[in-house]
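Student: Could we go through this structure together and ask what stands behind each label?
Tutor: Gladly, let's take it label by label.

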Amino acid sequence: MANSLSPQPGVKTVDENSDNWHRVSPLAILYYIEKLFIILLNNLFYMLPALFVLWDKIQANPWIATGIISGILGLISFFSVWSFMVFRYRLSEGTVEVKSGIFSKKHVNLPFNRIQNVKIEQPFYYRFFNFSSMAFDSGGSLSQEARLIALPLSFAKRLQLEINEYKSSIAYEASVNEDNLEQGKASSNPADEIIENTRSISDLILHGITSNRIYIILAALAPFVDDIFSFLGEKLEGVGIDVQSHLANDPIWQIGIFAISLFLLVVGLMTMLSIIGAIIIFYGYTLSRTHDKYIRRSGLITKHEVSVPLSRIQVAVMKQDLLDILFGRFNLRLDQLNAQISTMNAGGTDTSKLLVPSVFAYECRDIIERVFPNHQLHDIDFIAISKRFITRYLSFIVLPITAILSYSSFHNDGLSPLVPVGVFIGLTGLVYGRWLRWGYQVNRHYIYIQKGLLGRDKYCLPITKIQKITFSQSYFMKKNQLASLKIYLGSGSYNIPLIDQEHAQSIYDYVLYKVESEAKSWM
Amino acid sequence: METPFTNAILDVQHSQITSPVKTPLDAHYAIVDTAVSTVFWSVLLIIALCVVMQPLWPIPQAGRDIAINIIIGISAVVTLIVVFGYFAEKAKGYCVREQDITLFKGLIFNKIITQPICRIQHIEVKRGPIDRKVGLAKLHVFSAGDISQTFEIPGLALETANSIRNEILAHKEMQHHG
């Protein structure tokens, strides 16, 4: 343990006989059981309607159900043991090699210097034994993600340290002749972590409340209220509650109160779920930083750890949902490469993003400051985009929809003429709200974009990291001296629609000038 | 919301940059491309017509009429698309400057996409069978990030494509990254 802390490149210290393939601890079986179980649960979700229909039959023959369930459990255990048996890993000459897979064999070979992120996870079933699993992200494609399951925690931590040291020693050699302004001293002790931010339970509860979108779901369900109630009515009748007779006999106020309390119950229940979700994901949240990294740790059941080098961060986003605006909180997101984000999503957890939930503007300012010095995302004034934005969406989307609806309501008695009028007013309101939120601003080092509809998202794009830029203009836009810009970063593309043509041209020129003349590394 | 924009970005060096100017693609390209899509659609529509008209498993007359009307309708739309495609391909162009490479495209929406050479990850000269026949090539430029939007200059004469590629590979920033 002690000798591994000395800054010495190579991995020999971690693994003595490095040419052999190793098995992991049998605890890996638990990992596979969990994984298969999650897959099963995900698919069960689609089978729920069938279960609901067949419920009576299952009740009648419990033995068959027991048989099926125990069969499934047996299969899960069988495949978990098998997966564990075929899993091998090897650490040699600065690479991680992993062999895995039953039917489709997979052999991943990942050199340390290609590893972008080392993530240590501790699911609850590993915690009793002090074990952990490690995930290595490479910048590239999905198939190049390696995972070492079931390693002792101390070993995992040592390996993580080794990899980081190995990488920083290589990077240091490579960047000696580059004058790196952001990181004055290249490699200090990598263990010097400073805690930048923590989140209390009340923050998380607030995050749960604001991030839940129940009101949107309810609004979407509104047109089907009749169907839902008649369906529920039938089901309740089956249980012995006759809704129809209650509706017919009880006074209106009683039904009204009943409906309101039912509504509040649903909202409350969904909010509770959302709060519980937020607490499970973000419990014990800490964001700490070393000289060149942000490290995020959180999780109630499974502890996640994500470490992101500051230089890899491509964009900072301050997101606010409607309720966040009321409470004055932001969700801060620092995005890396696109490929990595999709890797994480494919893993089924967006817990791996560098997200700071429900923080105040000044905290956002401080956290972003480390990544993008002298940014002004938190208090910049945005320039509005052209009002033509409204005209464009009205004429190309809202009016055609309204026209079709009016036509069908004119020829069809079932459709009240109020519908097209309502739709028109509603959509126009949305377009107007969208326009109201759009804004942009540029200064020497950053481009800022604001957009949103109910919520509000603010983006900070560092100009030196831009990959390419598109200037586009239609015939009508040219006539009105407007143009749109699309900016591509490693993390994705960002639009600035319908702004003054000359300003767009000068931003386009300036971006290219800045990127090309400075040619700074974007990774 | 409306704040006056002051931003001193115009310095001496900057004003020396000239805006990219469109160089048209190879003169044959738009015709070749249109010919290919015309042949493709014609074959498809003729097959559809044969299926409808074949005597082995006769389709009732009413169904046949409907099918033929549908085919005529599709042909009209396809003709429009092909004609539009001809002019759209003809409108494409490119520009190679010292520090970047630009693609011009669009008939209704004019797009100017500029890729700084220092951000190029790798570069490919691609030639399909038809390209080989007529001596054309596509230049495919890759950078990090949004994979959905590829940067591809079609319809270059092979020598032009190769010399652009060599020019880019010889750029000092590319050598720097290896």
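Tutor: Let's start with Ala150(A), which is buried at a relative accessible area of 1%. Keep in mind that this is a predicted model.

Student: Why is Ala150(A) called buried?
Tutor: Buried means under 20% relative accessible area. Ala150(A) has 1%, so the label applies. The residue sits in strand β6 (residues 146-152) of chain A.

Student: What makes the phi of Ala150(A) worth a remark?
Tutor: Phi is near 60 degrees there, a positive value in a residue other than glycine. Gln481(A) also has a positive phi, near 55 degrees, and is found in the loop between α15 (475-479) and β19 (482-489) of chain A.

Student: How do you know that Glu196(A) and Arg289(A) form a salt bridge?
Tutor: The cut-off is a side-chain nitrogen of Lys or Arg within 4 Å of a carboxyl oxygen of Asp or Glu. For Glu196(A) and Arg289(A) the N to O distance is 2.5 Å, and the pair counts as a salt bridge. Glu196(A) is in strand β7 (residues 194-198) of chain A and Arg289(A) in strand β8 (residues 286-289) of chain A, 93 residues apart.

Student: Is Arg289(A) buried or exposed?
Tutor: Arg289(A) is buried, because its relative accessible area is 16%, and the limit for buried is under 20%.

Student: What makes Asp457(A) and Lys319(A) a salt bridge?
Tutor: Their closest N and O atoms are 3.2 Å apart, and the criterion is within 4 Å. Asp457(A) lies in strand β17 (residues 456-462) of chain A and Lys319(A) in strand β11 (residues 315-320) of chain A, so the bridge ties together parts 138 residues apart in sequence.

Student: Which labels do Asp457(A) and Lys319(A) get for accessibility?
Tutor: Asp457(A), at 15%, counts as buried. Lys319(A), at 26%, counts as partly exposed, because that label covers the range between under 20% and over 50%.

Student: What about chain B, why do Lys126(B) and Glu152(B) count as a salt bridge?
Tutor: Their side chains meet at 3.5 Å, N to O, and the limit is within 4 Å. The bridge ties together parts 26 residues apart in sequence, because Lys126(B) lies in strand β5 (residues 122-126) of chain B and Glu152(B) in strand β7 (residues 151-157) of chain B. Lys126(B), at 32%, is partly exposed, and Glu152(B) is partly exposed at 23%.

Student: Why are α2(B) and α3(B) called roughly antiparallel?
Tutor: The axes of helix α2 (residues 29-53) of chain B and helix α3 (residues 61-91) of chain B come within 9 Å and cross at roughly 175 degrees. Angles over 145 degrees count as roughly antiparallel, so the label holds for α2(B) and α3(B). By class, their contact has 16 nonpolar, four polar and four charged residues.

Student: How do you know that Ile280(A) can belong to the nonpolar patch?
Tutor: Patch residues need over 30% relative accessible area. Ile280(A) has 31%, which makes it partly exposed, and it is listed in the patch, together with Phe124(A) and Tyr283(A) among others. The patch has about 1100 Å² of accessible area together. Ile280(A) is found in helix α9 of chain A, and α9(A) gives the most to the patch, with three residues.

Key. Residues numbered from 1 in each chain as written. Chains lettered and ligands numbered in written order. Predicted model: local features only at pLDDT ≥ 70, side-chain atom pairs only at ≥ 80, totals over all residues. Heavy atoms only, no water. Axes fitted to C-alpha atoms, helices over the stretch in contact; angles between N-to-C directions. Helix = DSSP H or I, 4+ residues; strand = E, 2+ residues; numbered from the N terminus. Parallel < 35°, antiparallel > 145°, perpendicular 65-115°, else oblique. Nonpolar A, V, L, I, M, F, W, Y, C, P; charged D, E, K, R; others polar. Patch = residues over 30% accessible without salt bridge, like charges linked within 9 Å, V, L, I, M, F, W, Y side chains within 5 Å. Areas by Shrake-Rupley, 256 points an atom, 1.4 Å probe, with all protein chains shown as cover. Buried < 20%, exposed > 50% of the residue type's maximum accessible area, 1.4 Å probe, protein only.
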